[in-house]
Amino acid sequence: MDDEGTAGWPEPVVRVQSLSESGLATIPARYVKPESERPNTNPNKLVVTTKEEKGEEEGGEGDHHQTNKTKMSIPVVDLSSPRAPATARAVSAACREWGFFQAVNHGVSGELLRRCRRVWKGFFHLPMEVKQRYGNSPATYEGYGSRLGVEKGAVLDWGDYYFLHVRPPHLHDTDKWPHLPPDLRETTEEYSREVASLCGRLMAAMSAGLLVGAGGERRLAEAFGGEEAAGVCVRVNYYPRCPQPELTLGLSSHSDPGGMTVLLADDRVRGLQVRHRAGNWVTVDPVPGALIVNVGDQIQVLTNATYRSVEHRVMVNAEEERLSVALFYNPRSDLPLAPMPELISPERPPLYKPMTFDEYRLYIRRKGPRGKSQVESLKAAAGDDDDGR
Ligand code: OGA
Ligand code: NI
């Protein structure tokens with residue numbers, strides 16, 4: 001299928017899109033998840049067709065044998081007054097309780113959201129030989145990819161992606177971005193500028209809701225190394241149709257390693273699931289025009305776990321492909337991060353040891369998505385440390 005060599009990957013790269021388009025009736029064994037990881041809701045009911053259908057597909061099938069049929073959902077937060085105390089309270093409550101919310105009235109135009117989806121769909125529908133020119137390697141992950149992690153023989157996810165850096169400026173290299181469709185680069189620049197600015201507003205609200213008193217709204221941005229130094233990268237996920245969606249996942253359970261993530265989800269095809277505290281998986285029903293925001297591991301570390309990064313995963317389906325655009329807003333990558341002093345007390349000692357984001361992200365880059373195992377391991381390390389750092 002792909003005979004361009006392995007470019008640093010442990011095995012030849014197979015594009016999931018090519019597998020999907022070959023029309024096979026069963027998926028290769030490489031994509032079959034162990035039973036405990038398979039989706040527990042019917043992945044064939046993910047396509048939003050009519051209003052009436054909405055809200056029927058869930059409940060009763062959770063990991064924990066829920067018996068009531070009440071549908072759980074992540075909170076919706078209105079950002080029309082981003083600096084209002086009520087907004088900070090709503091953002092903060094969502095970050096404490098769920099680590100995930102849908103933002104409405106976020107200030108990014110609907111036209112730009114649609115354009116961004118459109119250019120990236122255009123890219124993934126280019127002929128395979130054009131896309132292959134951007135094939136990535138695990139050294140930086142930039143470019144067109146089909147796996148996360150370099151462990152030989154790993155079970156793979158049913159999805160392809162494109163990963164690129166926007167900030168800091170020395171990593172911003174548009175030569176590594178697709179040159180087609182013609183308006184992709186300009187649209188991606190504009191989209192990432194607008195969403196990074198939204199992240200600045202979200203950071204201020206998260207911070208104000210965390211720390212009372214003067215200057216509280218700036219503390220999280222300072223802990224990131226300053227707004228100018230924050231890193232921004234984008235991962236566009238493309239999940240082709242899958243003949244056996246009940247056996248696999250588009251993206252395995254993981255928490256995002258960075259600061260925070262803003263996700264532009266598909267407006268017609270569901271797939272994202274968030275793990276509730278109780279252990280069950282909750283399918284996100286995208287609100288039209290909303291952006292989905294979630295806390296990453298670095299904010300969990302800085303807030304000493306007051307805000308929590310939450311496991312999430314993606315289901316695929318047999319009827320429709322799905323596209324999502326994740327923008328990762330990260331701390332300056334060479335800064336050792338540890339819980340903020342304001343959030344440490346004798347009753348609440350620091351849960352994490354300092355670590356830079358550069359060091360931290362090597363884990364997911366080597367091992368691939370593995371739930372919350374990484375942030376949990378950092379916690380164990382802090383506990384073992386005799387000076388409590
Ligand atoms: C991610 C992610 C969710 C989705 O890219 O980290 O969680 O719906 N994506 O594609
Ligand atoms: Ni994610």
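## Close-up views of a predicted model

**View 1. Nickel site.** Along the chain, the donors of the nickel ion (ligand 2) are spaced as H-x1-D-x55-H. The model shown here and in the other views is predicted. The nickel ion is coordinated at 2.1 Å by NE2 of His254, OD of Asp256 and NE2 of His312. Asp256 and His312 bring together distant parts of the chain, being 56 residues apart. Asp256 sits in the loop between E6 and strand E7 (260–264), while His312 belongs to strand E11 (residues 312–314). Asp256 is buried, because its relative accessibility is 5%. His312 also has a relative accessible area of 5%, so this residue counts as buried, the cut-off for burial being 20%.

**View 2. Largest pocket.** The largest pocket holds about 550 Å³ of space. Its lining consists of 37 residues, and the closest to the pocket centre are Lys33, Glu37, Asp157, Ser252 and Pro369. Strands E4 (160–167), E5 (231–239) and E6 (251–254) are the elements that give two or more residues to this lining. Sorted by class, the lining of the largest pocket comprises 14 charged, 12 nonpolar and 11 polar residues.

**View 3. Largest cavity.** The structure contains five cavities of 30 Å³ or more. The largest cavity has a volume of about 460 Å³. It is lined by 29 residues, with Leu148, Arg235, Asp256, Pro257 and Phe328 nearest its centre. Two or more lining residues come from each of E4, E5, E6, E7, E11, strand E12 (322–330) and helix H8 (357–367). E12 supplies the largest share, five residues. The lining of the largest cavity has 16 nonpolar, eight polar and five charged residues.

**View 4. Ser192 in helix H5.** Ser192 is located in helix H5 (residues 184–208). With a relative accessible area of 1%, Ser192 is buried. Its side chain makes a contact of 2.6 Å with the backbone oxygen of Thr188. A polar atom of the Ser192 side chain also lies 3.3 Å from the backbone oxygen of Glu189.

**View 5. Trp120 and Trp281.** Trp120 is part of helix H3 (residues 110–124). Its relative accessibility is 0%, so Trp120 counts as buried. Trp120 and Trp281 are 161 residues apart along the chain, and their C-alpha atoms are separated by 28 Å.

Methods:
Residues are numbered from 1 along each chain as its sequence is written. Chains are lettered from A and ligands numbered from 1 in the order in which they are written. This is a predicted model: local features need pLDDT of at least 70, side-chain atom pairs count only at pLDDT 80 or more; totals for chains, interfaces and linings use all residues. Side-chain values use heavy atoms; hydrogens and water are left out. On a 1 Å grid over the protein atoms alone, a cavity is a set of points where a 1.4 Å probe fits but cannot get out, and a pocket is an open set with protein on both sides within 12 Å along at least five of seven lines; lining residues have an atom within 4 Å of a point. Grid points are joined across faces, edges and corners, and a volume is the space filled by probe spheres set on the points. Helices (H or I, at least four residues) and strands (E, at least two) are DSSP runs, numbered from the N terminus. Ala, Val, Leu, Ile, Met, Phe, Trp, Tyr, Cys and Pro count as nonpolar, Asp, Glu, Lys and Arg as charged, and the others, Gly among them, as polar. Donors are N, O and S atoms within 2.8 Å of the metal (3.2 Å for Na, K and Ca); water is not among the atoms, so sites may look incomplete. Buried means under 20% relative accessible area, exposed over 50%, partly exposed in between (1.4 Å probe, protein chains only). A polar contact is a pair of N or O atoms within 3.5 Å; within protein, one must be able to donate a hydrogen and the other to accept it, and residues adjacent in sequence count only if both atoms are side-chain atoms.
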